[in-house]
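Please walk me through this structure.

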Amino acid sequence: MKYVVVSGGVVSGLGKGVTASSVGVMLAASDYRVTHVKIDPYINVDAGTMSPFEHGETYVLDDGGESDLDLGNYERFCDINLTRDHNITTGKVYQLVIE
């Protein structure tokens, strides 16, 4: 198993999601199995519990998980179905520790 990490800190709008999606398409075209995981520093459990002014729009996954729009790009570019488990937030980590 190999990993490709696209990082850019908390700066929004740099194109990290589109870059990760595009790299995924190229790898899939070369017969690699591709999936995506997005890790966000949000203290909220998911993007749906944040203020729209703070986060912007959310993308709803097939399993009902509310995530960043990047997961929608990942699904469309790579023709894959992602779940709420493909979106990790600080809030999810805190929740697991507390429970």
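## A walk through the model

Glycine 56 counts as partly exposed, because its relative accessibility is 33%, and partly exposed covers the range between under 20% (buried) and over 50% (exposed). Keep in mind that this is a predicted model. Glycine 56 sits in a loop, with α2 (52–55) on one side and β2 (59–60) on the other. Aspartate 68 is 12 residues away from glycine 56 along the chain. Their C-alpha atoms are 8.7 Å apart.

Eight names make up one nonpolar patch: Val37, Ile39, Ile43, Ile88, Val93, Tyr94, Val97 and Ile98. The patch spans about 840 Å². Helix α4 (residues 90–98) is the biggest contributor, giving 4 residues. Isoleucine 43, one of the patch residues, is found in the loop between β1 (38–40) and α2. Isoleucine 43 has a relative accessible area of 60%, so it is exposed.

Next comes the largest pocket. Its space amounts to about 1500 Å³. The lining consists of 39 residues, and those closest to the pocket centre are Val4, Ala20, His36, Val37 and Tyr74. Val37 also belongs to the nonpolar patch. Four elements, α1 (16–29), β1, α2 and α3 (69–78), each supply at least two lining residues. Which element gives the most to this lining? It is α1, with 7 residues. Sorted by class, the lining holds 19 nonpolar, 12 polar and 8 charged residues.

Stay with helix α1 for a moment. Valine 23 lies in this helix. Valine 23 counts as partly exposed because its relative accessibility is 24%. Compare its position with that of isoleucine 98, a member of the nonpolar patch. Valine 23 and isoleucine 98 are 75 residues apart along the chain, and 36 Å separates their C-alpha atoms.

Finally, look at two backbone details. Aspartate 31 has a phi near 70°. That is a positive value in a residue other than glycine. Aspartate 31 belongs to the loop between α1 and β1. Is aspartate 31 buried or exposed? With a relative accessible area of 75%, aspartate 31 is exposed.

Aspartate 79 also has a positive phi, near 55°, and is likewise a residue other than glycine. Aspartate 79 is placed in the loop between α3 and β4 (87–89). Its relative accessibility is 71%, so aspartate 79 counts as exposed.

Note on methods. Residues are numbered from 1 along each chain as its sequence is written. This is a predicted model: local features need pLDDT of at least 70, side-chain atom pairs count only at pLDDT 80 or more; totals for chains, interfaces and linings use all residues. Side-chain values use heavy atoms; hydrogens and water are left out. Buried means under 20% relative accessible area, exposed over 50%, partly exposed in between (1.4 Å probe, protein chains only). Patches are made of residues with over 30% relative accessible area and no salt bridge: like charges are joined within 9 Å, nonpolar side chains (Val, Leu, Ile, Met, Phe, Trp, Tyr) within 5 Å. Accessible areas come from the Shrake-Rupley method with a 1.4 Å probe; for residues, only the protein chains shown count as cover. A salt bridge is a side-chain nitrogen of Lys or Arg within 4 Å of a carboxyl oxygen of Asp or Glu. On a 1 Å grid over the protein atoms alone, a cavity is a set of points where a 1.4 Å probe fits but cannot get out, and a pocket is an open set with protein on both sides within 12 Å along at least five of seven lines; lining residues have an atom within 4 Å of a point. Grid points are joined across faces, edges and corners, and a volume is the space filled by probe spheres set on the points. Ala, Val, Leu, Ile, Met, Phe, Trp, Tyr, Cys and Pro count as nonpolar, Asp, Glu, Lys and Arg as charged, and the others, Gly among them, as polar.
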